[in-house]
Amino acid sequence: MERDLGIKAEVINKALSVSIAAHKSPEKLCLVDWKIPNSPSQVIVAFPRSRSLDDWIAGDSKAEPFGETKVDTKMFPSLKSIGKDVVATVNEAFMARFLRILNHESGKFRAEVTKAKNKQIIFAGHSSGGPIAICAAVWFLEEFVRSKEKQTPPRPLCLTFGSPLTTDRTFCHAVQREGWSDCFVHFVTKLDIVPRILLAPPSSSRELLKEIVSFSEPHHEPVSIDNLASLFSNVMKNASCVASHAACELTGSKHTLFDTMSRFVKLSPYRPCGKYVFCTETGRLVVVKNPDAVLQMLFYSLQINSETELQKRAEESLKAHWTYEDALNRSLAPHSVVCLENLRELPLSSDDAALSDLNLFAPARLCLRAAGELEKKKQDNQRRIKDKMGEIKSALNALEKYRNASKQDGVGYYDAFKLQKKEEDFKANVKRLELAAIWDEIVELLRQEQLPDGFEADEEWVALGTRFRRLVEPIDIANYYRHSRDDVAGPYLERGRRPSRYRFTQKWREHAEHLQADSSGESSFWAKVEELKNKPWDKIRKDVLDLGDRLKNWYGNKEVESDVFLEKSTLVEWWQALSKDHAELHGVLPKPPVE
């Protein structure tokens, strides 16, 4: 178990037992256990489930169809796609419950976390306590790990048992990009309906949820539902729609019915995130990391062979939610763990016991193969792009040489390119176009989600993207205004004008260095100069002073080169002309030493 999951069996059992114990004290914000067998450096913080339906489904009139909401990026700045700037979606009710715990007037949760910060905290939860554990773990990673404190605490673990899906694809993408995916391990029994239930809209799941929140133990008999089988069937039909639509996306195939349906019927946004451990009925554990494969397994593993099984399976699916202790006691023995890693080569017709236990026959295995193929395709795209890194660096070196030569001529990089008087200016334009083509390809792959999640956080690509942006965008702007494109298309910095290759790479740097959004404009300020220089002073005073302060900071931080401040540059000539009538501009621009 420890070899396959990186977690001791005793720790998993203890996390589950504390999570179940937390249910008996729902008035407590969390239950903390410092005594883990053979693990003195770890502490468990478990969250009780909620007995209120309002903690599953947001009840206000503004709620989205599946009770979803965008995360607060001030609290969770990492939970978004960087370049595309799409913010992650989570279940509103569960996030609200976590925030109540976090900001409770007693300060208990924060106090417990602070007290345990030097140990590895294991956030845990069973049932509706699971999503709270997920929120707590991400909050801790943002607050203490990504913040790069001088003494970074150990990364937390998040162990959930029978947790519903409450986060979307962007959330999963962000967690994987940050390298946090291995912090999240979710245990799911084959028959438990709860991990699938939020794939259905509240209209189909509300009555079933009422029964789930009233459950207290596995021998509870449903009393409030006359049409249990029908409700179970509705949930699984919705799960089928989600899984089938995802399978079409995996294979790149078009499905007219789903395309038509999507115009009228919204599918659940919730998707798996992290590592999943499926507990079979025969005592095996099947471990899967690929989130696309997990989604298919959640659907296929709860299928029935005939309608005659429906009522029985519906009842079993409720009771299974309370059998995790028995399931894990059977499964945590040595040699009971199967890791599904090389999904592309999964046999379609073998009698693999673990796969058969989970109803993973040919149709399901085809979907898992497709998930593996997509993962490999992304890796192949990354390798292909990496092969162009030498070409990128060579072109950037040529542009640096051109910039230095322009500086020696006393004209400056931007103005030399804009004037286009020499053969070297033409050659620089060729390099500009070559680099633009490569980076446009990279951006398009990112838009289409055809690169691994970690690409935008790769330190080498972030550094190269910053160097590319600082060298190439100034001459792209020079080309834009040289051809008077602003007269037709409008100013360069207006929405939609600035190429994505610069917006994406700027956001990479701002994210990597924890900078304020849009603060890293050192490569695009020339466009601001072009916009301001033909406007009256009373309209531009504030913008000019702000630009001067920024230029001073950028130069001090070596983010702009000294050729920007040459006497013959467009910037300096314009600034000096303004300074004749406005003394407050005197001494604002830096004066680099003469070389």
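Modeller: Start with a definition: two strands pair if DSSP finds at least two bridges between them. Helices (H or I, at least four residues) and strands (E, at least two) are DSSP runs, numbered from the N terminus. This is a predicted model, where local features need pLDDT of at least 70, side-chain atom pairs count only at pLDDT 80 or more, and totals for chains, interfaces and linings use all residues. Residues are numbered from 1 along each chain as its sequence is written, and side-chain values use heavy atoms, with hydrogens and water left out.

Biologist: Which residue stands opposite Ile122 in β8?

Modeller: β7 and β8 (residues 157-161) run parallel and are joined by 5 bridges. In β8, the residue opposite Ile122 is Leu157.

Biologist: What is the bridge partner of Val45 in β7?

Modeller: β2 (42-47) pairs with β7 in the parallel sense, over 6 bridges. The β7 partner of Val45 is Phe123.

Biologist: How many residues of strand β7 are buried?

Modeller: Buried means under 20% relative accessible area, exposed over 50%, and partly exposed in between (1.4 Å probe, protein chains only). β7 covers residues 120-126 and is largely enclosed by the rest of the structure. Its buried count is 6 of the 7 residues.

Biologist: Which residue of β9 is the bridge partner of Thr160?

Modeller: β8 and β9 pair in the parallel sense, over 4 bridges. The partner of Thr160 in β9 is His186.

Biologist: Which residues point the other way from Phe184, His186 and Val188 in β9?

Modeller: In a regular strand the side chains alternate between the two faces of the sheet. β9 (residues 184-189) has 6 of its 6 residues buried, so it is largely enclosed by the rest of the structure. Phe184, His186 and Val188 point one way; the other way point Val185, Phe187 and Thr189.

Biologist: Is Ser39 buried or exposed?

Modeller: Ser39 sits in the loop between β1 (31-33) and β2. Contact means heavy atoms within 4.5 Å. Beyond residues up to four places away in sequence, Ser39 touches Lys8 and Val11. Its relative accessible area is 4%, so Ser39 is buried.

Biologist: What is the relative accessible area of Val338?

Modeller: Val338 belongs to strand β12 (residues 337-340). Leu285 is 53 residues away from Val338 in sequence, yet 6.1 Å away in space, C-alpha to C-alpha. Val338 also touches Val286, Val287 and Ala354, setting aside residues up to four places away in sequence. Val338 is partly exposed, because its relative accessible area is 25%.

Biologist: What is the relative accessibility of Val235?

Modeller: Val235 is placed in helix α9. Neighbours within four places aside, its contacts include Ile193, Arg196 and Ile197. Val235 counts as buried because its relative accessibility is 0%.

Biologist: How do α16 and α19 cross, and at roughly what angle?

Modeller: Axes are lines fitted to C-alpha atoms, for helices over the stretch in contact, and angles run from 0 to 180 degrees between N-to-C directions. Angles under 35 degrees count as roughly parallel, over 145 as roughly antiparallel, 65 to 115 as roughly perpendicular and the rest as oblique. The axes of α16 (residues 389-408) and α19 (residues 459-482) come within 10 Å and cross at roughly 40°. That makes α16 oblique to α19.
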